Amino acid sequence: MKYGVIVFPGGSAAPECVAALRHLGHDAELIWHGNPAVDPDAYDCLLLPPGHSYGDYLRPGAIAKLSPIMPSVQEYAAGGGVVVGFGNGFQILLEAGLLPGAMLINRSCKYVCRLQRIAVESTKSALTCGFQAADALLLPIAHRWGNYWVDDGTLERMEHNGQIVLVYGDPEPNGSLRGIAGICNESGNVVGTMAHFHRAVFEDLGSTDGVGAFASIASWVEKVRTGRNGRSAPSGRSEGSGRSVRDGHSARGGCCSCRGCDVAESAANMIAATSVEGGNARD
Amino acid sequence: MVHSVRVFVTLKKSVYDPQGDAVKAALLSDGFEGVRSLRIGKLIDLEVESESREACLAEVERMCRRLLVNGELETFRIQPAEDGDGACAGKADTCASQPAAAAAVEDSAR
């Protein structure tokens with residue numbers, strides 16, 4: 001399993017996503033948003049991380065949707081590739097039209113940061129296919145713009161198609177229509193949620209309920225892969241082993257040669273440093 | 001020629017505005033008992049180099065649909081401005097002395 005984690009300017013959580021993925025034994029590298037071409041064979045999943053890209057100016061995700069990388073993300077999704085957005089990544093997918101609906105400021109107008117009960121409503125998506133419907137998860141949320149809204153007609157279609165994949169339990173955090181916490185597109189390969197699944201893979205952080213979501217993605221990818229042509233891993237890639245965490249520079253490989261790569265590289269080095277410490281502390 | 005344009009972005013009527021409601025509640029509790037509704041939008045001032053006013057307005061409308069406005073939630077109104085009135089991007093001091101309301105009234109009369 002190889003993830004490409006897209007780094008948008010001002011976004012904050014790409015490094016922690018990479019750290020979480022590597023902790024789970026996946027290969028993961030950062031991709032700078034200025035990279036106009038993503039090799040679809042190089043990644044099993046593109047992850048749009050949380051974290052207030054562009055300072056949430058205008059509307060969260062609005063400016064990021066015009067990033068040079070977005071057309072190739074669109075293409076990747078159109079070709080059946082798995083595209084997942086957490087938090088701001090979800091907002092970017094909405095703004096880009098990869099998912100229906102839009103985000104409003106939370107009904108309370110407050111920034112909500114806590115562990116939240118969230119129920120799996122549909123197992124149709126790449127993110128939830130490994131769960132059972134009605135599974136209750138404990139997941140971190142942290143946002144001020146998570147009040148999901150969509151018009152009635154679209155909502156009806158989404159319900160009919162099983163596109164509402166996650167819903168908030170009590171207490172409901174943000175006023176989202178129908179308590180919607182996560183949705184997918186019609187074919188289930190594009191998924192967005194305000195839940196930070198990647199922060200729920202370390203026991204020390206209060207929940208490991210996020211682990212199942214990454215297992216879901218892996219099984220979805222495997223299913224698509226065997227369904228297509230029985231090919232194993234993407235060309236020239238081996239399964240992640242955590243080796244790259246200690247390597248410290250492997251994230252560089254996913255970047256283009258634009259100036260943004262300095263940012264990506266320093267973030268990668270940061271991950272390498274923190275991950276190694278984390279690893280020592282855990283075991 | 002550079003044209004000044006002002007864009008008003010407002011939430012659709014069907015969309016609940018938590019910010020507006022919070023501010024309305026504050027005004028009511030501060031004694032402004034007559035407030036019946038309050039909704040918060042955005043005002044964007046632009047100066048656009050363009051051949052004609054018509055071309056400029058068409059260009060700004062494209063900008064609205066592409067980025068400035070989220071059509072799922074919001075609607076917009078584009079208001080062109082003559083030199084010295086209405087929109088005043090980059091001229092904060094002029095802006096301060098020109099209430100937006102006055103410009104809007106003038107525009108609707110135009």
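This is a predicted model: local features need pLDDT of at least 70, side-chain atom pairs count only at pLDDT 80 or more; totals for chains, interfaces and linings use all residues.
**Entry on A:Ile69**

Next I turned to A:Ile69, which I found in the loop between strand E3 (45–48) and helix H2 (70–78) of chain A. Is A:Ile69 buried or exposed? I record A:Ile69 as buried, because its relative accessibility is 0% and the cut-off for buried is under 20%.

**Entry on helix H1 of chain A**

I then went through helix H1 (residues 14–23) of chain A residue by residue, and I found that eight of its 10 residues are buried, so the helix is largely enclosed by the rest of the structure. The buried residues of H1(A) are A:Ala14, A:Pro15, A:Cys17, A:Val18, A:Ala19, A:Ala20, A:Leu21 and A:Arg22. After H1(A) comes A:Gly25, for which I noted a positive phi, near 90°.

**Entry on the interface**

How many residues does the contact take from chain A, and how many from chain B? I wrote down 18 residues from chain A and 17 residues from chain B. Three residues of chain A, namely A:Leu58, A:Arg59 and A:Trp149, supply 36% of the area that chain A buries against chain B, which is more than any other three residues supply. Between them the two chains bury about 1500 Å², with 65% of this area on carbon and sulfur atoms.

I also looked up the polar side of the interface, where the count between chain A and chain B is five residue pairs in polar contact, both residues being at pLDDT 80 or more. On the side of chain A that touches chain B, the elements giving two or more residues are strand E5 (102–104) and strand E8 (147–149) of chain A. Of the elements on this side, E5(A) gives the most, with three residues. When I sorted the residues on this side by kind, they divided into 10 nonpolar, three polar and five charged.

**Entry on salt bridges**

The structure holds 14 salt bridges over all chains. One that I followed joins the side chains of A:Lys2 and A:Glu29, at 3.0 Å from N to O. A:Lys2 lies in strand E1 (residues 2–7) and A:Glu29 in strand E2 (residues 27–32) of chain A, so this pair ties together parts that are 27 residues apart in sequence. I checked both residues and found A:Lys2 and A:Glu29 buried.

A second pair within chain A is A:Arg59 and A:Glu95, whose side chains meet in a salt bridge at 2.7 Å, N to O. This pair links distant parts of the chain, 36 residues apart, since A:Arg59 sits in the loop between E3 and H2 of chain A and A:Glu95 in helix H3 (residues 88–95) of chain A. A:Arg59 has a relative accessible area of 4% and is buried, and A:Glu95 is buried as well, with 12%.

Which residue of chain B does the side chain of A:Arg59 meet in a salt bridge? I found B:Glu74, at 3.7 Å from N to O, and across the interface of chain A and chain B the rule finds one salt bridge. B:Glu74 belongs to strand E3 (residues 74–81) of chain B, and B:Glu74 is buried, with a relative accessible area of 9%. Beyond four places in sequence, B:Glu74 touches A:Arg59, B:Val9, B:Thr10, B:Leu11, B:Lys12, B:Lys42, B:Leu68 and B:Val69.

Note on methods. Residues are numbered from 1 along each chain as its sequence is written. Chains are lettered from A and ligands numbered from 1 in the order in which they are written. Side-chain values use heavy atoms; hydrogens and water are left out. Contact means heavy atoms within 4.5 Å. Buried area is the accessible area (1.4 Å probe) that two parts lose on being put together, summed over both. A salt bridge is a side-chain nitrogen of Lys or Arg within 4 Å of a carboxyl oxygen of Asp or Glu. A polar contact is a pair of N or O atoms within 3.5 Å; within protein, one must be able to donate a hydrogen and the other to accept it, and residues adjacent in sequence count only if both atoms are side-chain atoms. Helices (H or I, at least four residues) and strands (E, at least two) are DSSP runs, numbered from the N terminus. Ala, Val, Leu, Ile, Met, Phe, Trp, Tyr, Cys and Pro count as nonpolar, Asp, Glu, Lys and Arg as charged, and the others, Gly among them, as polar. Buried means under 20% relative accessible area, exposed over 50%, partly exposed in between (1.4 Å probe, protein chains only).
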